[in-house]
Amino acid sequence: MLKLERSTLFKKYGQVLEAGKTLFKEGDIGNTMYIIQKGKIKITKRIGDVDKILTVLQKGDFFGEMAIITQAPRTATATAVDDCELLCFNRKGFISMISKNSNIAMNIIEKLCLRLEKADNQIRDLTKRDTKSLVISVLNDLRKTTRGTGTSLK
């Protein structure tokens, strides 16, 4: 039954993207967000003459939501690392999806908060001028991420 439901969802909203193909580029007008069902997507941003990898997303991760929420141009480039299967939602489909299922909305909000916290930490680290402060910040972040996982830094 689950396979049938997933297949039906993929038939309606699915897209296949081959490894190495670019889904969208920084600056493109965006009207779609994506949820990865299979494969990995690399998110990059052009800084000067160099493409910097911001993150590599995998199954269960979503991206492109900023463009359909704020209706602003894409802030980064998305490229398939390997063959991918994606669920694609436009603004209307996204609003419909989250209004019908509060668990999906809460999951998205939680992940967005984690991304914001990570970005705040990166900004904090970029403003650190001395190595000792930077090392302490990184160790504190590592300690926070290992809490509750049974991993110890001792």
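# Close-up views of a predicted protein chain

View 1. The charged end of Arg115 is placed over the ring of Phe62, 4.5 Å from its centre; a charge counts as over a ring if NZ of Lys or CZ of Arg is within 6 Å of the ring centre and within 35 degrees of the ring normal. The model is predicted: local features need pLDDT of at least 70, side-chain atom pairs count only at pLDDT 80 or more, and totals for chains, interfaces and linings use all residues. Residues are numbered from 1 along each chain as its sequence is written, and side-chain values use heavy atoms, with hydrogens and water left out. Arg115 also forms a salt bridge with Glu65, in which the closest N and O atoms are 3.1 Å apart; the term denotes a side-chain nitrogen of Lys or Arg within 4 Å of a carboxyl oxygen of Asp or Glu. This pair links distant parts of the chain, with Arg115 in helix H4 (residues 102–127) and Glu65 in helix H2 (residues 65–70), 50 residues apart. Helices (H or I, at least four residues) and strands (E, at least two) are DSSP runs, numbered from the N terminus. Glu65 is buried, with a relative accessible area of 5%, whereas Arg115 is partly exposed at 30%. Buried means under 20% relative accessible area, exposed over 50%, and partly exposed in between (1.4 Å probe, protein chains only).

**View 2. The aromatic cluster of Phe24, Tyr34 and Phe63.** These three residues form one aromatic cluster. Rings of Phe, Tyr and Trp (its six-membered ring) pair if their centres lie within 6.5 Å; planes under 30 degrees apart count as stacked, over 60 as edge-to-face and the rest as tilted. Phe24 and Tyr34 are stacked, at 6.1 Å centre to centre and 25 degrees between the planes. Phe24 belongs to strand E2 (residues 22–24) and Tyr34 to strand E3 (residues 32–38), ten residues apart. Phe24 and Phe63 form a tilted pair, at 6.1 Å centre to centre with 35 degrees between the planes. Here Phe24 in strand E2 is linked to Phe63 in strand E6 (residues 62–63), 39 residues apart. Phe24 is buried, with a relative accessible area of 9%, and Phe63 is buried at 4%; Tyr34 is buried as well. Arg74 lies over the face of Phe24, 3.9 Å from the ring centre.

View 3. The whole structure holds four salt bridges. Glu26 forms one with Lys45, the closest N and O atoms being 2.9 Å apart. Glu26 lies in the loop between E2 and E3 and Lys45 in strand E4 (residues 41–47), so the pair ties together parts that are 19 residues apart in sequence. Glu26 is partly exposed, with a relative accessible area of 30%, and Lys45 is partly exposed at 29%. Asp51 forms a salt bridge with Arg46, with the closest N and O atoms 3.1 Å apart. Asp51 is partly exposed at 47% relative accessible area, as is Arg46 at 43%.

**View 4. A nonpolar surface patch.** Ile53, Val56 and Val81 make a nonpolar surface patch of about 260 Å². Patches are made of residues with over 30% relative accessible area and no salt bridge; like charges are joined within 9 Å, and nonpolar side chains (Val, Leu, Ile, Met, Phe, Trp, Tyr) within 5 Å. Accessible areas come from the Shrake-Rupley method with a 1.4 Å probe; for residues, only the protein chains shown count as cover. Ile53 is located in strand E5 (residues 50–57) and is exposed, with a relative accessible area of 56%.
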